[in-house]
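Welcome, and thanks for taking a look at this one with us.

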Amino acid sequence: GDIVEFGAPFGFGLEAGSKPELLLTMSCLVARGSPDALLICNGYKDLEYVSLALIARTMGLNTVIVLEQEEELDIVVEASRRLNIRPVVGMRAKLRTKHAGHFGATSGEKGKFGLNAAQILSVVAKLKALGMLDCLQLLHFHIGSQIPTTALLADGVGEAAQIYCELARLGAAMRVIDVGGGLGIDYDGTHSAETDMSVAYSLEEYAAAVVAAVGRVCDRKGVQHPVICSESGRALVSHHSVLIFEAFSATAPASNMMDPATAYLLDELTDDCRNDYRNLMASAVRGDFDTCGLYADQLKRRCAEQFKEGVLGLEHLAAVDGLCEIVARGMGAAEGPRRYHINLSVFTSLPDMWAIEQLFPIIPIQRLQERPAVDGVLSDLTCDSDGKVDQFIGGRSSLPLHELPSHGTRGYYLGMFLGGAYQEALGGLHNLFGGPSVVRVSQSDGPHCFAVTRAAPGPSCADVLRAMQHEPEVMFEVLKQRTTDDGATAAALARAFGSMPYLSFDAEEAAAMSSAESSGMSSDSEGSAAGAAEDDDEEWEFMRGLTV
């Protein structure tokens with residue numbers, strides 16, 4: 001809504017690809033948009049979708065129904081006759097121009113969307129026969145997201161402009177060319193076309209390439225210059241969102257000192273294992289690191305086999321592992337990155353990182369005056385081994401981080417940037433982790449020029465269960481029947497349903513909860529839940545009123 005309002009003086013419009021999106025865009029444009037703004041209706045369509053788009057025209061919206069398939073024209077004609085509303089139609093052309101990489105998969109002749117040359121001519125012939133060729137006013141195309149260079153962009157736009165001019169020659173009342181998406185984001189800061197993570201142009205260079213390519217073709221063909229619009233969603237919204245999350249623990253650094261008990265346990269190894277141990281130490285003393293590594297691997301392998309046979313105990317395995325780690329450090333082997341455990345779900349909050357190996361900038365957002373000295377990777381809360389982040393901007397397989405604060409202090413927070421496009425909508429509910437809490441920050445006249453204008457807690461355990469078609473109210477009643485105390489257990493259950501799925505490390509909150517339980521909190525589920533809700537409301541109301 002804010003973007004529409006800000007863009008109203010410039011005729012900023014919206015694009016929809018489904019019926020819910022169409023309802024949302026209609027309401028935004030009616031409430032805050034310019035009367036000249038375009039409402040582009042993309043995606044596969046049925047009669048209900050097309051009828052809704054036509055109804056939008058009666059509300060004064062500049063709706064254009066873009067044909068993704070040839071057969072959609074029949075639906076548009078049927079809905080137009082039923083409602084007695086004359087449509088404005090566009091068509092999506094399937095270009096020959098294609099770019100490589102993951103994001104180019106929807107372009108080219110084998111692309112998922114659009115009409116080929118024969119289908120375009122067929123649509124024109126049908127519209128002409130129906131006396132509706134004047135309804136065809138827009139040409140849409142999409143080369144692919146993250147277009148890497150202006151050379152490729154100009155090639156695709158030039159091809160589309162040729163089609164636009166041909167449609168004008170055939171009698172269509174062409175007015176608009178929609179260049180689709182593709183305006184890229186420089187995720188890795190390289191400003192290059194080497195990977196999908198960056199683009200080799202600026203916003204000004206992108207716009208200049210589009211305008212020049214369209215103008216060149218139209219001038220050559222003697223066709224009036226069209227209105228040019230784009231659907232640059234990624235570029236518009238990527239910067240609007242920052243995901244802030246907490247690292248609550250990390251694996252311990254490797255030790256360079258041998259536990260005195262280790263030597264005693266090593267003496268208990270079998271003869272062949274002790275021989276490997278002696279050879280390992282002798283190689284280390286000589287500085288023969290290659291041989292040292294071979295004996296370390298052999299010792300670990302032999303001990304593992306004897307553990308499986310029941311000859312060695314768990315303490316022996318731990319002693320051998322510790323010894324080999326110390327020897328490796330002494331040989332100069334680099335310590336592997338430490339694992340930082342983060343309080344989120346990659347599948348919910350960073351789905352593109354998992355699904356398509358998209359990289360986003362991630363940095364600590366506190367202790368910025370201290371140089372980070374630890375190489376770390378990030379591991380999420382889920383039970384899935386893919387729930388990790390171990391690839392970072394710049395080709396790094398670890399992230400420079402700080403040592404975690406000492407026990408009893410606040411957590412260590414990191415931020416992920418440029419994730420405002422797609423991540424929230426694509427996120428799932430793996431392990432029943434819902435979305436994060438949302439804080440809306442706007443510019444203000446305060447000393448620091450910003451204010452928290454909205455704060456909304458994320459979905460509770462009950463919300464997530466309900467989204468998966470469970471009934472938390474029924475579940476609570478079933479569990480409450482098994483309680484045998486004076487109501488404290490039922491109150492704890494009610495709070496559990498009302499809490500967020502993520503971990504909470506607030507010591508004061510935990511102490512208050514313990515005190516409340518010992519004082520005999522009411523077992524009435526509604527009362528307990530209401531009390532928790534009131535506490536949440538107070539905290540979030542404070543956030544809403546915060547201006548700094």
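In helix H5, the residues Ile120, Val123, Val124 and Leu127 are buried (buried means under 20% relative accessible area, exposed over 50%, and partly exposed in between, with a 1.4 Å probe and protein chains only). Viewed along the axis of H5, these buried residues fall within an arc of 100 degrees, so they line one face of the helix; the arc is taken from the directions from the helix axis to the C-beta atoms. This is a predicted model, in which local features need pLDDT of at least 70 and side-chain atom pairs count only at pLDDT 80 or more, while totals for chains, interfaces and linings use all residues. Residues are numbered from 1 along each chain as its sequence is written, and side-chain values use heavy atoms, with hydrogens and water left out.

**Helix H5 and its neighbours**

- H5 has 13 residues and reaches 19 Å from its first C-alpha to its last, close to the 18 Å expected at 1.5 Å a residue (the expected span is 1.5 Å times one less than the number of residues).
- An α-helix has 3.6 residues a turn, so residues three or four places apart point the same way.
- On the face of H5 turned away from its buried side sit the exposed residues Ala118 and Ala129.
- The buried residues of H5 pack against S3, H4, strand S4 (89-92), strand S5 (136-140) and helix H6 (150-169), where a contact means heavy atoms within 4.5 Å.

**Salt bridges**

- The structure holds 23 salt bridges, each defined as a side-chain nitrogen of Lys or Arg within 4 Å of a carboxyl oxygen of Asp or Glu.
- One of them joins the side chains of Glu70 and Lys126 at 3.3 Å, N to O.
- That pair links distant parts of the chain, 56 residues apart: Glu70 is in the loop between strand S3 (62-67) and helix H4 (72-83), and Lys126 is in H5 (residues 117-129).
- Glu70 is buried, with a relative accessible area of 17%, whereas Lys126 is partly exposed at 31%.
- Within H4, Glu78 and Arg82 lie four residues apart, about one turn of the helix, and their side chains meet in a salt bridge of 2.8 Å, N to O.
- Glu78 counts as partly exposed at 35% relative accessibility, and Arg82 as exposed at 59%.
- Asp288 and Arg286 form a salt bridge through their side chains at 3.9 Å, N to O; Asp288 is partly exposed at 27% relative accessibility, and Arg286 is exposed at 55%.
- A network of salt bridges links Asp2, Glu5, Arg32 and Arg440.

- Strands S15 (residues 438-443) and S16 (residues 450-456) pair in the antiparallel sense over six bridges; two strands pair if DSSP finds at least two bridges between them.
- Ser442 has Ala451 in S16 as its bridge partner.
- The two strands form a hairpin with six residues between them, and Cys449 in the turn has a positive phi of about 70 degrees.

**The protein as a whole**

- The protein has 20 helices and 16 strands, which are DSSP runs numbered from the N terminus (helices H or I, at least four residues; strands E, at least two).
- Of its 548 residues, 41% count as buried.
- Among contacts with a separation of 6 or more, 73% come from residues 24 or more positions apart.
- The accessible surface is about 28,700 Å², with 55% of it belonging to carbon and sulfur atoms; areas come from the Shrake-Rupley method with a 1.4 Å probe, and for residues only the protein chains shown count as cover.
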